[in-house]
2 protein chains.
Amino acid sequence: MRILGVDPGLTRCGLGVIDAAGARQVRLVHVEAATSPAGDPVPARLARLADALEAVLDQHRPDAVALERVFAQANVRTVMGTAQVSGVVMLAAERRGLPVALYTPSEVKAAVTGDGRAAKPQVGYMVARVLGLAEPPRPADAADALAIAITHAWKGGAAPAGSAATTSAQRRWAEAERASRRRG
Amino acid sequence: MRILGVDPGLTRCGLGVIDAAGARQVRLVHVEAATSPAGDPVPARLARLADALEAVLDQHRPDAVALERVFAQANVRTVMGTAQVSGVVMLAAERRGLPVALYTPSEVKAAVTGDGRAAKPQVGYMVARVLGLAEPPRPADAADALAIAITHAWKGGAAPAGSAATTSAQRRWAEAERASRRRG
């Protein structure tokens, strides 16, 4: 199962693709932080990020998209931009028939480091360890996108955004994971 | 100049198209409130609204899009959905080369009713009056979308979202309005 993890943001949007084969076996396929200039109009910034996202979808053809769930934060302006980017990501996934799963930042930290309040460097360290990389991917948004994808791999049966339904791919994944646990 | 006004929302998204010919001459072209079921996954809801938006863009071919600027409100969940829809709208406009202008709710109320704190029925009443309709468009989201389009018509020289630049269409409009004022 190939998973695209997305850490949405207007200034930097992390895009990380992994392959997950069997329980806990994950491999790095691609990672980048797409950017858009802060001085540009928001519609142009969204189009630039959407172009980068669609290039990754075209080139790496993931089976599922995992996205950070946007919450209210101190900086309202940042939240709005993040929500706008997440809308663009969800629409692109939906139009390609890809299931979208949402994870909160603390779910991702807990899954990857065992601590829902882990600091950013700890997340980067664990992402590198899990994927067998010499060092944490940079910038942090790239590492975060991979952490989100890893979270989805490890929670394979997660329901798509806002729904209790699971796709056939997710069911197959959950079955494979259960079978692997029985063997292991 | 043909203007699409959008009152963004996940449950109901107002889409109102007007023609603005010369200063203060506006005419209704189309109005609807696109909807998406609250129980559906967010990606599917965004796709449904995007389909409705794109149908309006294809059929009525506006020269500009005017969109309500999203602010933090009491209900964070609603704001997130609204921001996601606004991201989808901005991207669709940008990809068609249409300028996007943003107006706050109070700017719209002030432009249409003369009172930045006007109640919804007052906005609907003035939209009907300005467009020569027998009664206010319903639901309120439809009337609000038209109010946003009217605001853009009356502030013709408004800069696109997040930029000081004006398009050639906006410059032509501003010149026409100035010329009209000189004549009138």
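# Chat about the contact of chains A and B

Reply: Across the interface of chain B and chain A, six residue pairs are in polar contact, with both residues of each pair at pLDDT 80 or more, and please keep in mind throughout that this is a predicted model.

Me: ok, and which helices of chain B supply residues to the side that touches chain A?

Reply: In chain B, α1 (42-60) and α2 (76-95) each supply at least two residues of the side that touches chain A, and α2(B) gives the largest share of that side, with twelve residues.

Me: how many residues does each chain put into the contact, and what area gets buried?

Reply: Chain A and chain B each bring 29 residues to the contact, and the area buried between them is about 2,200 Å², with 71% of that area coming from carbon and sulfur atoms. Of the area that chain B buries against chain A, 24% is supplied by B:P43, B:M80 and B:R95, which is more than any other three residues supply.

Me: how many salt bridges are there between the chains?

Reply: The count between chain B and chain A is four salt bridges, and one of the salt bridges in the model joins the side chains of A:E54 and B:R95, at 3.2 Å from N to O. B:R95 is also one of the three residues named above for their share of the area that chain B buries.

Me: and over all chains, how many salt bridges?

Reply: Over all chains the structure holds 14 salt bridges.

Me: switching to A:D19, where does that one sit, and is it buried or exposed?

Reply: A:D19 lies in strand β2 of chain A, which covers residues 12-20, and A:D19 counts as buried because its relative accessible area is 18%, under the 20% cut-off.

Me: what does the A:D19 side chain make polar contacts with?

Reply: The side chain of A:D19 makes a polar contact of 2.7 Å with the side chain of A:R2, and another of 2.8 Å with the side chain of A:R27. A:D19 and A:R27 also form a salt bridge, in which the closest N and O atoms are 2.8 Å apart.

Me: is A:R27 buried, exposed or partly exposed?

Reply: A:R27 counts as partly exposed, because its relative accessibility is 46%, which falls between the cut-offs of 20% and 50%.

Me: what else is A:D19 in contact with?

Reply: With neighbours within four places in sequence left aside, A:D19 is in contact with A:M1, A:R2, A:Q25, A:V26, A:R27 and A:V29.

Me: and in chain B, what does B:D19 pair with?

Reply: The side chains of B:D19 and B:R2 meet in a salt bridge, at 2.7 Å from N to O. This pair links distant parts of the chain, since B:R2 is in strand β1 (residues 2-7) of chain B and B:D19 is in strand β2 (residues 12-20) of chain B, 17 residues apart. B:D19 is buried, with a relative accessible area of 18%. Back in chain A, salt bridges that share partners join A:R2, A:D19 and A:R27 into one network.

Me: new topic, which residues does UniProt list for "active site"?

Reply: An unreviewed UniProt entry lists A:D7, A:E68 and A:D141 under "active site"; these residues are spread over 135 residues of sequence, yet they cluster in space, with a largest C-alpha distance of 11.1 Å.

Me: where is A:D7, and what is it in contact with?

Reply: A:D7 is in strand β1 (residues 2-7) of chain A, and A:D7 counts as buried at 8% relative accessibility. Apart from neighbours within four places in sequence, A:D7 is in contact with A:R12, A:C13, A:G14, A:E68, A:D141, A:D144, A:A145 and A:I148, a list that includes A:E68 and A:D141 from the UniProt entry.

Me: and where's A:E68, is that one buried or exposed?

Reply: A:E68 is in strand β4 (residues 64-68) of chain A and counts as buried at 18% relative accessibility. Residues up to four places away in sequence not counted, A:E68 touches A:V6, A:D7, A:P8, A:Y103, A:P105 and A:I148.

Methods: Residues numbered from 1 in each chain as written. Chains lettered and ligands numbered in written order. Predicted model: local features only at pLDDT ≥ 70, side-chain atom pairs only at ≥ 80, totals over all residues. Heavy atoms only, no water. Contact = heavy atoms within 4.5 Å. Buried area = accessible area lost by both parts, 1.4 Å probe. Polar contact = N/O pair within 3.5 Å; in protein donor to acceptor, adjacent residues only side chain to side chain. Helix = DSSP H or I, 4+ residues; strand = E, 2+ residues; numbered from the N terminus. Buried < 20%, exposed > 50% of the residue type's maximum accessible area, 1.4 Å probe, protein only. UniProt positions renumbered as here; feature names shortened; annotations may be inferred.
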